Amino acid sequence: MKNIFKFKVNMDILNLVISGIAVILSFMNIKIFNIDLSWISILLCGIPIIKNALEGLITEFNIKADVLVSIALIASVIIGEIFAAAEIAFIMQLGAFLEDFTVGKSRKGIENLVNLTPTLARVIVNNEEKTINAKEVKVGDILRVNPGETIPVDGVILKGKTSIDNSAITGESILVDLSEGDSVSSGGINQFGSFEMKATKIGEDSAIQRMVKLVESADANKAKIVNLADRWATYIVIAAFSTAILTWIITGEIIRAVTILVVFCPCALVLATPTAIVAAMGNVSKYGILVKEGDALEKLSSVNKITFDKTGTLTYGKPCVEEVVSLVEGLSKEDLYKIIASAELNSEHPLGKAIVSCFKETYKKEVMSPEEFTMIPGRGIIAKVNNKKVIVGNKELFFEENYSKKSFDFINSNFENKGGTIIFIGIDDILSGYIVLTDTIRKESKDMIQNIKNLNISPVLLTGDNSYSANYISSQCGIDEVKSECFPEDKLRLINEYQNERSDLVCMVGDGINDAPALKTAYVGVAMGGVGSDIAVDAADIVLIRDDISTLPHLLKLSKHMMKIIKINLTFSILLNFVAVILAMIGSINPVVGALVHNGGSILVIINSFLLLNYNNGKVKSSKDIEEYNYDQEIEYC
């Protein structure tokens, strides 16, 4: 299919080159066997236009620009204006090619997100490896993925340890270390070591295929303003016929009528909006942003309020160690931290895993296994490390282990006011310290909020977290309006209140399942594509593939700039048509000049829209910038 598309593009270019040369030679009055070379352009460029017009009329009775152009072309040939007909055909096809080129170039960045699905998979049957088509993999199949290979389906690692490059899916260049029990997604590239996995999601359910479906839904023709331009085109075609016939009757000069048909064609008007929208979609695709709905950018340009979820949106959504405090003289922070990490090594609790992960990240050391380990549901863990009894958990666990309640009176409560979680540590029946975990704010959140405020858009925090946590995060980000302890129905109610009672146009940004109703209800929904749930992504109009919220100001600014370009395109095309029609009616221009004016206007509209592809406010990284970025400079949050 891809080769067929390339062949078609190459043939279009060849036809345009031959037609262009023929038009130039005809203008120089050069003939071959006394035949006007303009006929070459008419055959190569004009016939396809007439064919498309007839197909539209016969199959759908769709009166569009091609109908008027075809009539103008045929009329020019009938009255002997062969060069004018050739010029009309050539410039019209050149304009169409430029439009296709704009669309093709803009979609390239999006297509790169999905051209990753491997065609083959290694399935293990009866301890023997067999290579099959990746489409034949079934749920429950055991697969082997070797170094350098792309993971064919979603699954869980059964055997082996590896590092996965998920940058093609999430945009994150940092390798992810995985082992038995960890989940892997299709499209990820295995960097080190072979591993065996069990297939859990295949076909359209896999990560890469869900991305494919998102790309296929990105259709600029869904924009409402595009349909409006199409309706205008139909009325203009009718007006063109009426004006041409009246001019012919009044002046008796058919050449004026033909010229009116040429310049009255609304191609520039019809091209004004879709080319701008698709070029803008191509622009944001370079920054890891996928626009699912064609009218999403048009609507986004009008929003005056943005509501944010907290966890996973303004924060990383993962607990991280913020502080380790030793209460025993001679026991250093690092030694206490190491004991806690060892005790938690076998824990399946997210907080326990976070402690182990953060210790390894901070000190670059391995953690010894505990001699004994017991999980106390809802309380914590009791383990033996270096023959010492270690208790890690909440106050209730310590009270159950007969620790004095007065021992906890001096604990710093400021961390709780920041939304932090305090875990206590006891060693050999002595309260030895505590560790604080918080959900770390994204480093780009504060600047992003300020940039949004600079666009006169009001940010609001909608979160299910308690007021302490919500107020702390909002103060760090610079958000003034906060709504805490919100259930999904509360978020839905608040957005409806903003939009219906206050007449605000709301953009909702979220990532979780609980955000899906709000994303669907909001004027525009933006979902985090990497950490976000499938339901949230499906409910949104726009997806941040890389979870990079620093791109939001660029997205907003681009949408406003896009609407400015569309208005310029529409105004220019309407004025150009009006002036050209007047000049044609009074006989100041002929069909040749009229063709130049009309089609030249279409080309200028396309070029003006094409400039949106490279629009950048200078504060956002493109895919190329991300690839060249040195992640060793990143701040370690653990």
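This is a predicted model: local features need pLDDT of at least 70, side-chain atom pairs count only at pLDDT 80 or more; totals for chains, interfaces and linings use all residues.
By class, the contact of H8 with H22 comprises six nonpolar residues and three polar ones, with no charged residues. On the H8 side, the residues involved are Ile-255, Val-258, Thr-259, Val-262 and Val-263. These meet Pro-591, Gly-594, Ala-595 and His-598 of H22.

Strand pairing was examined next. An open sheet is built from six strands in the order S14-S19-S18-S17-S16-S15, and the pairing is antiparallel. Strand S14 (315–326) and strand S15 (372–376) form the edges, each pairing on one side only. From one strand to the next, the twist averages 20°. Within this order, strand S17 (residues 388–393) and strand S18 (residues 421–427) run antiparallel and are joined by four bridges. Gly-393 has Phe-424 in S18 as its bridge partner.

A further set of pairings involves strand S3, which spans residues 120–125. S3 pairs with strand S4 (residues 128–133) in the antiparallel sense, over six bridges. The two strands form a hairpin with two residues between them. In the turn, Asn-126 has a positive phi of about 55°. S3 also pairs with strand S5 (residues 142–145), again in the antiparallel sense, here over two bridges. Val-123 takes part in both pairings: its bridge partner in S4 is Lys-130, and in S5 Val-123 stands opposite Leu-143.

The cysteines were considered last. A disulfide is a covalent bond between the sulfur atoms of two cysteines. The structure holds zero disulfides.

Terms used
Residues are numbered from 1 along each chain as its sequence is written. Side-chain values use heavy atoms; hydrogens and water are left out. Two strands pair if DSSP finds at least two bridges between them. A disulfide is a pair of cysteine sulfur atoms within 2.5 Å. Contact means heavy atoms within 4.5 Å. Ala, Val, Leu, Ile, Met, Phe, Trp, Tyr, Cys and Pro count as nonpolar, Asp, Glu, Lys and Arg as charged, and the others, Gly among them, as polar. Axes are lines fitted to C-alpha atoms, for helices over the stretch in contact, and angles run from 0 to 180 degrees between N-to-C directions.
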